[in-house]
Amino acid sequence: MREVLGFAAAGLLAYAADLGLFLWLRGPAGLDPLTAKSLSFLAGCSVAYAGNALGTYRHAARGPRQYVVFFAVNIAGALVQLLCIAVSHYGFGFTSRRADTVSGAGIGMAIATVLRFWGTRTLVFRGEGRVGSWTG
């Protein structure tokens, strides 16, 4: 349970950075939704890595390998989010900022979070520093 809570805390901070930047880039900065999401992803991913490496998995090995694999896992998650935005915005024609936010930061983020949790615990930190099973 400690692992899930730590991952969630790092994720909430990353989500806030991602969403805040996305809204600003999509609104006042006037960027298209895919560019805005790509840039906000980079910021959110950096916050998530710091939170997980220094918090949740602080006892696990950290180094270039973990950093690279973490970003690869998060790129996979970002592609899920971008796909949700692309389908909603370009496929279904829901082109408002609100629709882009719901599809990317809501639906896409929920699906991507499951993928990121699995990837972070299995590929990045490989079970090192875990207190117990995350399933209880």
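A search of the whole structure turns up 0 disulfides, a disulfide being a pair of cysteine sulfur atoms within 2.5 Å. This is a predicted model, where local features need pLDDT of at least 70, side-chain atom pairs count only at pLDDT 80 or more, and totals for chains, interfaces and linings use all residues. Residues are numbered from 1 along each chain as its sequence is written, and side-chain values use heavy atoms, without hydrogens and water.

| Cysteine | Relative accessible area | Class |
|---|---|---|
| C45 | 2% | buried |
| C84 | 18% | buried |

Of its 16 residues, C45, Y49, Y57, F70, V124 and F125 touch the most other members. Helices α1, α2, α3 and α4 each supply at least two residues of this core (helices are DSSP runs of H or I, at least four residues, numbered from the N terminus). The largest share, 5 residues, comes from α2.

Leaving aside neighbours within four places in sequence, Y49 is in contact (heavy atoms within 4.5 Å) with L54, R62, G63, Q66, Y67, F70 and F125.

Terms used. A nonpolar core is a set of buried Ala, Val, Leu, Ile, Met, Phe, Trp, Tyr and Cys residues joined through side-chain atoms within 4.5 Å. Buried means under 20% relative accessible area, exposed over 50%, partly exposed in between (1.4 Å probe, protein chains only).
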